[in-house]
Amino acid sequence: MKKHNYAKLIISRLLDQVGNVTYDYANSVWIASMGIIGHKYLGIYQISETIISIIFNPIAGAIADRTNRKKILLVTDFISALICILVSLIGNNQVLLYCIIIANILLAITYSFSSTAFKSIVPQALKSDKVLSFNSSVETCLQILNVLSPIFTYFIYYTFGIRVALLANGFSFAGSFLAILTIMEDVENKDKTEKVTVKKSIFKLFNDIKDGLKYIISNRELFELLILSAAVNFFLSFYNFLLPFSNVIFKNQEVYSKLLFYSAIGAILGAFLSKFTSNTRKTLLLLLGFSGTGIMCIALPTFFSVSMLIAYIGNLTFMFFLTAYNIHFVSRIQEKVTDEYLGRVFSTVFTIAILFMPLGTATITLIPSAVNGSMFIIIGFAITIMSLLMFCFNKHIFRRNSKS
């Protein structure tokens, strides 16, 4: 019976992603079109989303471990659909602007709960040997959608306007709701006593979060990978900051768009091919290490008389290995972490990732003359060295344990 859940989960995830991408793209373009006022409100729009994620991710993880994850997905999809449809009915542009920002905050809250619940429900809804294949298939489709959704949204927005785009968002969330609704009821087997404990008190909720942190610290492999990923995200925030300046760095107005194009191709290939590699700790570290070499290649045209194709292939290589790493990382958590702590582990992992990236962005803005090609070398080298050090350290520990 679980094999029927495979397609339904993929459809639900894709429709959710269409809703999120379309909502963000259409709203960002609409708000930015307002000029100086738009710049102010776009900043509020983006910052509020990040703050909400930091606050609600740990809570979402604790609740996902205590309640029916299928119901969480149904409730969040229903609320998201209702919000988008109601906002699309607002006629006054000034009121619509405020409502879009409020709606974005509410959708950020629902996304915190739905994303954690979705990752946590996968090992229950599918056979264990299908988890990596499923994550690979979902990520492949998501990367293709990330390329196509802005084109689709652009057509709807410029042809019919912001309100029809919001209505389309609502229908995509409604479609996700229907897909989840048809998943077999035996996916979730929580005791009724567990469900009640969520409502007991805030104290109990924070105890659950604390227990999740203790579990991560006690699991050596998970804790080490979490520390490594947090450090890598710090340097990846440098990369994210630099990339929009690539036209300036390479003195060519087409570089940024081409880097994004090759990045999308790399992500699609990495997602598709990741299912053909073994899901081991060694694989994880090698994938991450190779991703760093790709970033270093981006800088080569600034130092040598070589074709810009080297930089484009470098970015493709980076995204190929990083996407494969992310898929294996999520799959490894789903396979190794007990169901009781799965939601809290996912929420903690992604909350820490969010925390370190703003710190990295703040850091690079304080570095004098940071916008140059050599910074790509530093970023890639740091990621590769950290991966190799972790790889050699664990190999040394293994040999020492074998001798003893």
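This is a predicted model: local features need pLDDT of at least 70, side-chain atom pairs count only at pLDDT 80 or more; totals for chains, interfaces and linings use all residues.
Local features need pLDDT of at least 70, side-chain atom pairs count only at pLDDT 80 or more, and totals for chains, interfaces and linings use all residues. Residues are numbered from 1 along each chain as its sequence is written, and side-chain values use heavy atoms, with hydrogens and water left out.

Q: How many helices and strands are there in the protein?
A: Both kinds of element are DSSP runs, numbered from the N terminus: helices are H or I with at least four residues, strands are E with at least two. On that basis the protein has zero strands and 16 helices.

Q: What percentage of the 404 residues is buried?
A: Buried means under 20% relative accessible area, exposed over 50%, and partly exposed in between, with a 1.4 Å probe and protein chains only. Of the 404 residues, the buried share is 51%.

Q: Of the contacts with a separation of 6 or more, what share joins residues 24 or more positions apart?
A: A contact means heavy atoms within 4.5 Å. Among contacts with a separation of 6 or more, residues 24 or more positions apart account for 86%.

Q: How are helix 3 and helix 6 oriented to each other?
A: Axes are lines fitted to C-alpha atoms, for helices over the stretch in contact, and angles run from 0 to 180 degrees between N-to-C directions. The axes of helix 3 and helix 6 are 8 Å apart, at an angle of about 160°. Angles under 35 degrees count as roughly parallel, over 145 as roughly antiparallel, 65 to 115 as roughly perpendicular and the rest as oblique. Helix 3 and helix 6 are therefore roughly antiparallel.

Q: How do the residues of the contact of helix 3 with helix 6 divide?
A: Helix 3 brings residues including L73, L74, D77 and F78, and helix 6 brings residues including R163, L166 and F173. Ala, Val, Leu, Ile, Met, Phe, Trp, Tyr, Cys and Pro count as nonpolar, Asp, Glu, Lys and Arg as charged, and the others, Gly among them, as polar. The contact divides into three charged, five polar and 14 nonpolar.

Q: Is F173 buried or exposed?
A: F173 sits in helix 6. Beyond its neighbours within four places in sequence, F173 contacts D16, G19, N20, D77, S80, A81 and C84. Its relative accessibility is 2%, so F173 counts as buried.

Q: What is the handedness of the crossing of helix 4 and helix 6?
A: Helix 4 (residues 93–125) and helix 6 (residues 162–181) pack at about 30°, with axes 13 Å apart. N93, L96 and I100 of helix 4 meet I162, R163 and L166 of helix 6. A crossing is left-handed if the near helix is turned anticlockwise from the far one by less than a right angle, and right-handed if clockwise. This crossing is left-handed.

Q: Is I72 buried or exposed?
A: I72 lies in helix 3 (residues 69–88). Leaving aside neighbours within four places in sequence, I72 touches I63, A64, T67, F113 and A117. At 12% relative accessibility, I72 counts as buried.

Q: How are helix 9 and helix 14 oriented to each other?
A: The axes of helix 9 (residues 220–242) and helix 14 (residues 309–336) come within 13 Å and cross at roughly 150°. The pair is therefore roughly antiparallel.

Q: How far apart are the C-alpha atoms of L316 and A267?
A: L316 belongs to helix 14 and, at 17% relative accessibility, counts as buried. Not counting residues up to four places away in sequence, L316 touches Y262, I265 and G266. L316 and A267 are 49 residues apart along the chain, and their C-alpha separation is 7.5 Å.
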